[in-house]
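Colleague: I would like to go through this model feature by feature. Please give the general idea each time, and then the case at hand.

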Amino acid sequence: MTVSGRFVGLLAVGVVPVVLLGELYGEAFGALLGWVALMVVLLVVDLVVAASPRVLAVERVLPARVRLGETVVSTLYLTNTGKRMLRAIVRDAWQPSAGASTTRSRVAIPGGERRAVVLGLTPFRRGERRTERVTVRSFGPLGLAARQTTLRAEGRIRVLPPFNSRKHLPSRLARLRELDGRTSVMIRGQGTEFDSLREYVRGDDVRSIDWRATARHSDTMVRTWRPERDRRVVIVIDTGRTQAARIDDEPRIDTAFESALLLAALATRAGDRVDLVMYDRRLRGRVHGASGPELLSRMVDAMAPVEPDLIEMDWTAVPGLVRQVTTQRSLVVLATAIDSPGISRELMAIVPQLTRNHTVVVTSVTDPDVAAGVLRRGDREEVYRAAASERALLDVARVTTVLKRYGADVLTAAPADLPPALADRYLALKAAGRL
Amino acid sequence: MSAKTGGPSGRTNDRGSRRQGAPGSAAFPAVAVAETPRVRSSARRSVFWVVAVAAAFVFSVFTIALTASSNPDTDRYSLENAGPSGSRAVAEVLRQQGVDVVGAASLTEATEALESAGDGATLLFSDVYGYLDDDRRAELARTVRDSGAELVLLEPWSSDLDVLAPGIANAGSPDGDGSVEAGEGCRVDAAERAGTITAPNATYRPIASGGDADGGEIETCFLAGTGDSGDAFALIRSTTANGAVTVFGGGDSLTNDLVAQEGNAALALGLLGGEETLVWYIPGADDLASDGEATETLGSLTPPWVTPVLLLLVLVTVAAGIWRGRRFGPVVVENLPVTVRASETMEGRARLYAKHGAHGRALDAVRIGTITRLTSMLALPRHAGVVEVSRSVAAVTGRHVDEVYDVLVGAIPRTEAELLDISDRLLRLEQEVQRATTPR
């Protein structure tokens, strides 16, 4: 049970009779006792008359998923199975990062009726946001005292990665169509795979005329080309400790997710098959054998609850993981952090195993602060900072050199630029027929 | 957002589905499981603690009640003081002898006691702490005169004597320790019976002017010293028309410590047990007030409603505490990620350089970075040597090769100022090359 502010205020009002009776009749103590007794009686009556919150039936209507940054509506249906009117304040105990618009709602439910408590949820953290309880504080008709009970009513909502980089998708898809030769511009498809023969129309590249086919038909025929299809893309996301670091207020792993989502969206449109593996020392998530819209939804679903663990990435298992996914030649994207030769030693050790069979791209987020710090040399401290930045860049450059020597492609960019850069690299590889 | 009424369509749907199930109470969805224990079960669970706390409370109250009886009253000549300086022994013995011993801590109490005793009372007065002022003393004298009580002054100050016993004056300290005898000329019965008493604290002597007012009698006992004029007595009794006044300088004889020695007890009983009632008046703090009226304490000055209002405010505070302090259900826990800025390591390294003044190392890093960028700006092969780069830079910028080489490799910084200088020159060089190589 609890008391309300109204009760406290009313109790304080007792000063008036105490002072008046004390001043006029010298009965201050009597007045005090009388007032307190009156208040206690009112309190008890109010408590007894208040409807019990234990008669409530609780139902939730909640979407299963929400993209980070978007708002969904959570509806809580409360049914009063008792006979008395229930006047209450209801607290739906969402986790703070679920971003509930309010956690306290006032309801009045007549006996046997149902009311909805509607909340807006704007989660500000990825992962699974939960509520486990609903606390109901049921006030009596006087609003002096309340009975309080916590009811079990679980609800969970999965907050998906925002996929902000989808804004880059249309332009990349346009480029893909150009490669495909399906654009409105009548240029020859830049792919390397033979697609079909069709009649020559004006504007076609004369070099693509297939003379043998022209001889067989009465018309001039041209060959069309298209990029290779049904290639495999394997994205391996490192979920170890280095991915927890924040660059531009975004953890590295989130940038990795963005890049992976953009690449997957692009690749699946291009007809390639995309697999996702998230790993540190355990398999944290995996998407295999999905394509089209299902691929993306399964990917975001798998990514949603993954947070970087404070353990070292075990690179030695990665070649095995890739082999499990496919033995076919494929594009392997390793989303990790390239820091210094010491930390990246294991990565450098396994890259040759991968490059023997696959095209490997290693992506890493670089810190724009570091890059900017190099040229800022106003005072003593800035010079030292520039030196440290330079040293950090040199470390990255050393690892990059080694990786390139082993045949891997290395892509480093600021958080905002990395996803489109990876998409561009994919398109370039596709255009070159190197997949 | 606030709660809103569930859509009517939703409700009708519910009813529809209910009709298919069992009628009556089963129509409602299942009631939610409550996590809060019911009052009865939580009361049952907390019964042990309630009992334990109550027992502890009762025990402490009991203990306090027991120990409080040994109230440490340490006032000198106090009736309640059982210690060496108190006079409880005398009072108890007098009570056993049938004397009604009444303690008084203020003039008001003493006056009331004398009035209720009527005739036949003895007033023992000793202003140990000098609380009484002249007005009070005069009032006391008046009271004593009115009631006709016998007055015993125990170790009075000279100011007391002036008012209460004008025929007697202070005669300083006694000459020696040990005991004093009643002496030949002693006519006071009690003193004669006592014979000897322990040495007094103060002595008194009669003064000649004592007789001029009303020609009373003066008896002196226990010559305790020669004083100025050889007449310092421990006990002097002066009988005048106003009544009898006995001045006694040996207060120690009445204390628990010494009452059993010599003839102290006999003197005490004889002196104080002469009448039916003994008023034992030791002035206290209540006598300090300036006017003769009933003293105005803080309690009597405050309006009667102040205490109840304070109590009410305490209750309001408690209620407000419950109102604001009652938690609205259990705390919700959430694991939050640690936020680590990636550039922390870079900053840390910069601070290490700065702390140890690693000019050479810092400049090396800056130079390597600059040379790498210059190489790519000038489209030189990546493995191009520093000399080659210097030549190209000199060619592009128009500077002398040696100067460029000096900036890029040669100069060794010895102080931080030199480090800054070289760093600035490197930056200028880079900017010049960039301007020169950027096509316009």
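**Reading the model**

Modeller: Of the 435 residues in chain A, 45% are buried, where buried means 20 or more other C-beta atoms within 10 Å of a residue's own, exposed means 12 or fewer, partly exposed lies in between, and C-beta atoms are placed from the backbone. In chain B, buried residues are 32% of 440. This is a predicted model, in which local features need pLDDT of at least 70, side-chain atom pairs count only at pLDDT 80 or more, and totals for chains, interfaces and linings use all residues. Residues are numbered from 1 along each chain as its sequence is written, while chains are lettered from A and ligands numbered from 1 in the order in which they are written.

Colleague: How many helices and strands are there in chain A?

Modeller: Chain A has twelve helices and 19 strands; both are DSSP runs numbered from the N terminus, helices being H or I with at least four residues and strands E with at least two. Chain B has 16 helices and twelve strands.

Colleague: What is the strand order in the open sheet of six strands in chain A?

Modeller: Strands of a sheet pair through backbone hydrogen bonds, either parallel or antiparallel. Here two strands pair if DSSP finds at least two bridges between them. The order in chain A is S16-S15-S12-S17-S18-S19, with mixed pairing. Strands S16 (283-287) and S19 (409-413) of chain A are at the edges with a single partner strand each, so one side of each has no neighbour in the sheet. From one strand to the next the twist averages 15 degrees. S18(A), residues 359-365, pairs with S19(A) in the parallel sense over five bridges, and Val365(A) has Ala413(A) as its bridge partner there.

Colleague: At what angle do helices H6 and H12 of chain A pack?

Modeller: Axes are lines fitted to C-alpha atoms, for helices over the stretch in contact, and angles between N-to-C directions run from 0 to 180 degrees. H6(A), residues 252-269, and H12(A), residues 418-432, pack at about 35 degrees with axes 8 Å apart. Residues of H6(A) including Leu262(A) and Leu266(A) meet residues of H12(A), among them Leu422(A) and Tyr426(A); a contact requires C-beta atoms, placed from the backbone, within 7 Å. By class, this contact has nine nonpolar, two polar and one charged residues. Nonpolar covers Ala, Val, Leu, Ile, Met, Phe, Trp, Tyr, Cys and Pro, charged covers Asp, Glu, Lys and Arg, and the others, Gly among them, are polar.

Colleague: How many residues does each chain bring to the contact between chains A and B?

Modeller: Chain A brings 80 residues and chain B 59. The largest share of chain A's side, 14 residues, comes from helix H11 (residues 380-405) of chain A. That side divides into 41 nonpolar, 19 polar and 20 charged residues. The predictor gives the complex an ipTM of 0.73 and a pTM of 0.66.

Colleague: Where is confidence lowest in chain B?

Modeller: Where pLDDT is low, the predicted coordinates should not be read in detail. pLDDT is the predictor's confidence in each residue, from 0 to 100. Its mean over chain B is 80, with 87% of residues at 70 or more. Helix H1 (residues 8-20) of chain B is lowest, at a mean of 37, and helix H11 (residues 306-325) of chain B is highest, at 93. Over residues 1-26 of chain B the pLDDT is below 50.

Note on methods. Contact = placed C-beta atoms within 7 Å.
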